Amino acid sequence: MRNQRTLCAFIIFLVIFSLHWVNGEDPYIFHTWKVTYGDIYPLGVKQQGILINGQFPGPQIDCVTNNNLIISVYNYLNEPFLISWNGLQQRRNSWQDGVYGTNCPIPPRKNFTYVLQAKDQIGSYFYFPSLAFHKAAGAFGGIRIWSRPRIPVPFPPPAGDHTILAGDWFKRSHRELKLILDSGHNLPFPDGLLINGRGWNGYTFTVDQGKTYRFRISNVGLTTSINIRIQGHFMKLVEVEGSHTLQNAYSSLDIHLGQTFSFLVTANQPVKDYYIVVSSRFTSPVLTTTAILHYSNSATRVSGPVPGGPTTQIDWSLNQARSIRWNLTASGPRPNPQGSYHYGMVKASRTIMLANSAPYINGKQRYAVNSVSFVPADTPLKLADYFKIGGVFNLGSIPDKPTWGNAYLATSVMGADFRSFVEIVFQNWEDTVQSWHIGGYSFWVVGMDGGQWTPASRLRYNLRDTVARCTTQVYPKSWTAIYMALDNVGMWNIRSENWARQYLGQQFYLRVYSPANSWRDEYPIPKNALLCGRASGRYTRPL
Ligand SMILES: *[C@@H]1O[C@H](CO)[C@@H](O)[C@H](O)[C@H]1NC(C)=O
Ligand SMILES: *[C@@H]1O[C@H](CO)[C@@H](O)[C@H](O)[C@H]1NC(C)=O
């Protein structure tokens, strides 16, 4: 009997060990990043930037599906620092998400090694600094997850693959911007737009005539949606945050905060240079910047008017969003086609409705979700949960549906069951575009429309071929509905990608919980986990 039990324990150990080992067989990619301050001049005036290995924007991460990423971050700033990964799902591993709800900040002069895996993912994403208002100073960069060699990609290999990190920019430092927010005001209007850290005509992409290139654009800005277009060229959309799309050609594309698109451009025009234009959307005035598409051996500089963006507002953008669909027969990260998962046939067991608002609380501008404006706790929520430290947060501290009561401050955490399938409706009664991101997940954007969502809105859902992605927009006075399979245990940040709104409370955490408490569902706390707040000095594990 006793022997049997020992044998049984040994077998369980072997299973856990081998499960863990499967990971070990995937290649490892190592990065060592030194994070420093450094002078940058993106809009012609000197600013203090945050650089990674001396670079602004930071280095690109390239990996293949299932690769392990070992990223050692040395913080040479005089303030705490964290990097988060927009779109890397970190399956079973919210320990590495790099937001303050999951990780202790890396103190000045210290280092932390992230151990990530691009598990079952392909596509284009970016990383960014998540604390304070560091995102206004740089330290962001592109992430490309390439398909494994034998998995078909639904287009011929492009002649080149270019990353475009674009977004609004402020001449004020991240500290000044943070002070404005801390004192209870929203940010001023941005000073300009950047493409790969440069201003007007500051960046050149070189192409050979007749060849086709892939461009991956992320909106890494703080407050505004953008539109991109290329003089004289169409953009053939191929991928959105890990979903291969129907390959529609667009003359311009809207990219909301935190979103990433990839498209193909064929250099099929006469040899000369062309404008790549990025402008702000739904703003007045409209900000514009340009980069250059340079045909190799072109001696003709860019000329002619800079192509204008869409002039019609919401309807144009909404129709474009609806035209972005899954290619059901193309592979995603796995060999089987994307369409073999019939998300539209699954019945949601719960509907969560999230309404954003912009209340004043104690005389200060705040932003809220279902009347709760998030305030960080003194201890990362994930650690408080793991060490069972009471009084840091309460489950259920944010309601499932909008309330009409006064807004209030709280460290809001919503509970959810592992393996449940949920419908989330983002309802926006404000007159600005919202952009929502969910950590740890990719979700199906089943519908969006003007007005108030009602159960009858479900009749118009796309239950067949909408894309799965990690960031979705919600138009002014409109709703967006998503379906999400809660297959990733952890503490996950649901947030506005408008960085002022996020900073002032438009975010919360979703605690996806499995009572099994098994390594199959969630990895144990990393041995190198930084401990802080009320988790300081706790003992992690003997392994
Ligand atoms: C990195 O951090 C670890 C753990 O805190 C420490 O032991 C190590 O000395 C650090 N390395 C450097 C080069 O600072
Ligand atoms: C969808 O993907 C398939 C398979 O790779 C490809 O042959 C087809 O052209 C794609 N269809 C569209 C409309 O993009």
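Which residues does the UniProt annotation "domain: Plastocyanin-like" cover? According to that unreviewed entry, the annotation covers residues 35-148, 161-298 and 378-515; UniProt positions are given in the numbering used here, feature names are shortened, and annotations may be inferred rather than shown by experiment. The model is predicted: local features need pLDDT of at least 70, side-chain atom pairs count only at pLDDT 80 or more, and totals for chains, interfaces and linings use all residues. Residues are numbered from 1 along each chain as its sequence is written, chains are lettered from A and ligands numbered from 1 in the order in which they are written, and side-chain values use heavy atoms, with hydrogens and water left out.

**Domains and annotated regions**

- The domain assignment of the chain gives domain 1 (24-148), domain 2 (154-304) and domain 3 (348-535); such bounds come from an automatic or database domain assignment.
- Residues 35-148 are 0% helix and 42% strand, and their end C-alpha atoms are 31 Å apart. Helices (H or I, at least four residues) and strands (E, at least two) are DSSP runs, numbered from the N terminus.
- Residues 378-515 are 8% helix and 43% strand, with end C-alpha atoms 26 Å apart.

**Where domain 1 meets domain 2**

- The centres of domain 1 and domain 2, taken over C-alpha atoms, are separated by 21 Å.
- Domain 1 gives 31 residues to the contact and domain 2 gives 35 residues, where contact means heavy atoms within 4.5 Å.
- About 2600 Å² is buried between domain 1 and domain 2, and carbon and sulfur atoms give 65% of this area. Buried area is the accessible area (1.4 Å probe) that two parts lose on being put together, summed over both.
- L43, S124 and F133 supply 25% of the area that domain 1 buries against domain 2, more than any other three residues.
- The rule finds 15 residue pairs in polar contact across this interface, both residues being at pLDDT 80 or more. A polar contact is a pair of N or O atoms within 3.5 Å; within protein, one must be able to donate a hydrogen and the other to accept it, and residues adjacent in sequence count only if both atoms are side-chain atoms.
- On the side of domain 1 that touches domain 2, β1 (28-40), β2 (47-52), β7 (123-129) and β8 (141-146) each supply at least two residues.

**Salt bridges**

- The count comes to 24 salt bridges, each being a side-chain nitrogen of Lys or Arg within 4 Å of a carboxyl oxygen of Asp or Glu.
- The interface of domain 1 and domain 2 is crossed by 2 salt bridges.
- A salt bridge joins the side chains of R469 and E241 (2.9 Å, N to O). R469 lies in strand β32 (residues 468-469) and E241 in the loop between β14 (235-240) and β15 (243-244), so this pair ties together parts that are 228 residues apart in sequence.

**Backbone details**

- The peptide bond from F56 to P57 is cis, with omega near -10 degrees, and P57 lies in the loop between β2 and β3 (61-64).
- S284 and P285 are also joined by a cis peptide bond, with omega about 0 degrees.
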